[in-house]
Amino acid sequence: MILTSILTWAVVTLSSAFMRQAPDYEAALENQMLMGALVQTTGNTNRYWVEVTAEDYTGWVTEMSLQYLSDQEKEAYLEASKWICVAEYARIRESPSESAVPLCDFTMGDIVRQAGEGCGGWVQVLLPDGRTGWVLKHQVMDFRTWAESRSGLSTADAPGRAFCAREITSLACAFQGTPYMWGGNSIKHFDCSGLVKFCYFLNGIILPRNASQQIKCGTPVKDGCWEPGDLLFFGSKKPLKVTHVALYLGDGRIVHSSQKVRINTLEEYGREVVGACRILGNVDCGKGVKSILRSPYYFKQYGR
């Protein structure tokens, strides 16, 4: 039986929470949400499953994946000082020691609140479920400082775009060999659009979740005019159906998640490009590309 209640807010408590198409472990995996991400519940529940909307995507997660927030708690959460994990993999522990009991895993892009002073190379954190723990200081960065420093915000000129493109494509290439998983959107697993979304997110830019949505973002790019960092789409042209997306590296090469994250030449991949778009230079311009700093899911937007 599905019960309906009022809309409310919640924050993701797991390093990566699986969002499914229906309230069942056998249902299709649609997305992964990272720890610290703010979501809105729809009011629909089914046993221990809760339906949520995460920016532009709606699906079902287990109740232990979430910590509910009132409107006031949500505002306080947005204003609170936070850490973002910048290490690939880390652990949050009960006390500031590598031999201390681990509370949870903590992976790149996860967000937690700051809590108190540091201690011998460790910082104290407040987990979304209210527990306190410790993480090595070199594995995190102040979230606002991190967001303000992302190169994706400085792409008004060609040198800025080129620098950001190198950051994005280098990150994607660093994930070579990561297993493909439908719905994967974390460092543990990627599908094709999840890899693209994650690498742009780590450079301060929020893209829609799916390739069919991503092709509508930014500005279209004609065949042969691609630059590193552009998104190349594959599928069929008539009618247009997008089934795959890759990041262009230059010199006819792409990095993409297809069975695993890998680098190919377009000739090796052997599929026709059905469209391309340029994201860089189109952030916060009403073209479907948002910066993390301007997102009400990550920072309080004063005067907006």
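Colleague: Which residue in β23 does Ser 258 stand opposite?

Modeller: The model is a predicted one. In it, strand β22 (residues 253-258) and strand β23 (residues 260-265) pair in the antiparallel sense over six bridges. Within β23, the residue opposite Ser 258 is Lys 260.

Colleague: Which residue takes a positive phi in the hairpin of β22 and β23?

Modeller: The hairpin of β22 and β23 has one residue between the strands. The residue that takes a positive phi, near 75°, is Gln 259.

Colleague: Does Gln 139 count as buried or exposed, and why?

Modeller: Gln 139 lies in the loop between β14 (132-136) and β15 (140-142). Leaving aside neighbours within four places in sequence, Gln 139 is in contact with Ile 84, Cys 85, Val 86, Ala 87, Tyr 89 and Ala 90. The cut-off for a buried residue is under 20% relative accessible area. Because its relative accessibility is 12%, Gln 139 counts as buried.

Colleague: What volume does the largest cavity have?

Modeller: A search of the whole structure finds one cavity of 30 Å³ or more. The volume of the largest cavity is about 280 Å³.

Colleague: Which element supplies the largest share of the lining of the largest cavity?

Modeller: Of the 21 residues that line the largest cavity, those closest to its centre include Ala 37, Glu 55 and Tyr 298. The lining divides into 12 nonpolar, five polar and four charged residues. Both β4 (29-34) and α4 (192-201) supply at least two residues of this lining. The largest share, four residues, comes from β4.

Terms used. Residues numbered from 1 in each chain as written. Predicted model: local features only at pLDDT ≥ 70, side-chain atom pairs only at ≥ 80, totals over all residues. Heavy atoms only, no water. 1 Å grid on protein atoms, 1.4 Å probe; cavity = no way out; pocket = protein on both sides within 12 Å on 5 of 7 lines; lining within 4 Å. Points joined across faces, edges and corners; volume = space filled by probe spheres on them. Nonpolar A, V, L, I, M, F, W, Y, C, P; charged D, E, K, R; others polar. Buried < 20%, exposed > 50% of the residue type's maximum accessible area, 1.4 Å probe, protein only. Contact = heavy atoms within 4.5 Å. Pairing = 2+ DSSP bridges.
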